[in-house]
Amino acid sequence: MASVTVPPRRRQRGDRHMFSTSDDTAMVSQLKATHSPDGRDIDVKPLLHIIEDVFSRAQPNIPAPVQGAQAQMEALDDKAFIAGYGDMIELLAYTINKITCEISCKCSSSADAHTTTMAIFNMVSSYLWDAKVALALAAFAVYYGEFWLVAQLYPSNSLAKSVAVLKQIPEIVERADSLKPKYEAIGNLIRAMINVTKCIVEFKELPPQYISPDAPVYETANALIPTASYWIIRSIVACASQIMGLLSMSYESVSTTTEAWELSSLAHKVNNIYEHLRKQLDLCYQYIDEKRHVEAYRVLCHLFEIPHLDNMKIIRALIYLKDDQLPLLEGSSKKRVGTDVLRRKNVLLLISDLDISQDELSILDQMYVESRQHPGRLESQYEIVWLPVVDRSTTWTEQKQQHFEEIQKMMPWYSIYHPSLLDPAVTRYIKEVWHFDKKPKLVVLDPQGRVVNPNALYMMWIWGSMAFPFTSAREESLWREESWRLELLADAIEPLMFQWMQEGKCICLYGGEDMEWIQKFTATARAVAQAAQVPLEMLYVGKSNLKEKVRKINAAILDQDLSHVLPDVTLVWYFWVRLESMWHSKMQHGKMVEKDPIMQEIVTMMSFDASEQGWAVISLGPDMAKAKGEMILNCLNEFNVWKADIGVKGFVQAINDHLLRLQTPHHCNRLILPGTTGSIPDQVVCAECGRAMEKFIMYRCCTD
């Protein structure tokens, strides 16, 4: 068959409105003149489900409704339909059929598209904007669905075949390939209309308690709704005109390319409207989320201010319960559990980000497991719950998920099942009220949900489970009973230490990173102890934040048999973090260096670690002596000067007295305080001379 050149079809008079840049303000004014809602509030979502179902079944290139809605449609039988959707359709059927007739009539007579659109708006003047567009879409779905219903059934149904012949549908079906661009253009426009309609429905359902009509983001989005509604119904008229054109024109008079281009241009406009409306809706949701978070934050603040019978309201406010899922993971079984497992218990909230160190987890794990070995003891009556605080402004990647799960697997205590279960309001509370800033915290809640210690991690590092119930009052009580002694300084980092004490041995702790000094000091100390007939045990406790270097020094000390070393560098970390914890713990209770003897000793030890020299602490019974590397080595080298004092004063006191004689006014002590919010004082005095130390700011990144 010879090819036929088809001249472009003359545009309808209304086409100039479709593609011109007409004054939208005038058009919106016309629309608003037709808008006179009578107060009826119709839930149009079920109607949209039916509309989407019609479009998806009628034409293959239009996607089906979302899975839930499609399953809902598939499950409908006649009785369910009558009982559910039927009531709503019965109320709207007259209006829908009326609009269908208007579309059919006006499109058949080639009426002006704008005039037809405004006529439909007049027919739905008493409805809200979402109902207007839904009713118009439903009317078009009837028109469009009837066309394709006959087209699909006529090969196998006699009635459909007769109707199809009268409508010339077989001829249209035979020309399917040549009409494909038009079908695709109609399908694309229908998709765009449905997307915009869903946005309008979403906008209408925004919760008024969180966003008011005078909110700027609401006003901006609301201003787009009339224009969006207009172009949806205008697009319906355009699509119906194209369907009517298929039924009323011969093959020779159809120009599919031009008409497809016109539909595509209209789809482009509707898609642009969708993008603008979607953007404004997203801003509305962001505004609503902020309002919700503010409200949730206020509720949370109020909850912590009032008394409760138990801790459940507090726990459930902190750990978001979504869809009744079990929000906690039990550490030993790795099974999900509910918050009831924490009812009326002392709960320690371990708050950290995903960068919590292996050292911290290792020591805390050891303390927790030890406490579980004697579940009947008072100091074992607590639970730990890990609350990971993550940055919600960054994407939660698979890599982050894996890292989170790796940390979670290491924990024998409870943890939140996923960081997303921590509401933004809770994260804000943790940061603003509990002052969390990267460094882990252990916030203590008593069985009634009251915060009894804003950070018991320092207590845990210093005294372990013996600090139960981890209250601030208990912390003060422990400090009142405490004095500066070797047991406080070293705790149980070396199990043999208590045996050495019982045997009456002199114990020397020393540190630093100068291997040459270590060799000289250990040899000299051993020789002096032997000469003084004092049994001596020495233990190297390294230096903070130099894990790899300390590991090498440990190996060298053991190889040369210079002294004892801690078997794991994690214990070296623990030794120094306990000292830092003592500092923070004292600072939490307002203790000052110049007025607190223990604080003075803590500052001295921390200044030892900050110096470039080695250092040593020598203890025998209640007496302790300490000095930096050069000073203590000089003192030991001058043993012959002070050895006569040992018989009268004792070994350690004789060392102390000679250290005082060696002391000069000239000294340079450095003190590096760990930067934790709220615990860095404006002034620190030198533990050696009592003068105020100069203040510097240091930033450090240590990957050792």
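This is a predicted model: local features need pLDDT of at least 70, side-chain atom pairs count only at pLDDT 80 or more; totals for chains, interfaces and linings use all residues.

**Overall layout**

I started with the secondary structure: the protein chain has 29 helices and twelve strands. Both are DSSP runs numbered from the N terminus, helices being H or I with at least four residues and strands being E with at least two. Residues are numbered from 1 along each chain as its sequence is written, and side-chain values use heavy atoms, with hydrogens and water left out.

Next I checked burial. Of the 704 residues in the protein chain, 50% count as buried. Buried is under 20% relative accessible area, exposed is over 50%, and partly exposed is in between, with a 1.4 Å probe and protein chains only.

I found a cis peptide bond between Phe468 and Pro469, with omega at about 5°. Pro469 sits in the loop between α18 (457-463) and α19 (472-481).

I then wrote down two positive phi values. Arg344, not a glycine, has a phi of about 55°. I located Arg344 in the loop between β2 (336-337) and β3 (346-352). With 52% relative accessibility, Arg344 counts as exposed.

His435 is also no glycine, and its phi is positive, near 55°. That residue is in the loop between α17 (424-432) and β6 (441-445). At 45% relative accessibility, His435 counts as partly exposed.

**Nonpolar cores**

Which residues touch the most other members of the largest nonpolar core? I got Phe521 and Phe651, in a core of 101 residues. Such a core is a set of buried Ala, Val, Leu, Ile, Met, Phe, Trp, Tyr and Cys residues joined through side-chain atoms within 4.5 Å. Helix α24 (residues 569-588) gives this core its largest share, eleven residues.

I listed the contacts of Phe651, leaving aside neighbours within four places in sequence: Cys506, Val528, Ala532, Val534, Ile618, Leu620, Trp642 and Ile646. Another core, of 88 residues, lies apart from that one, and its members include Val124, Val133, Met193 and Ala240.

Technical notes: Contact means heavy atoms within 4.5 Å.
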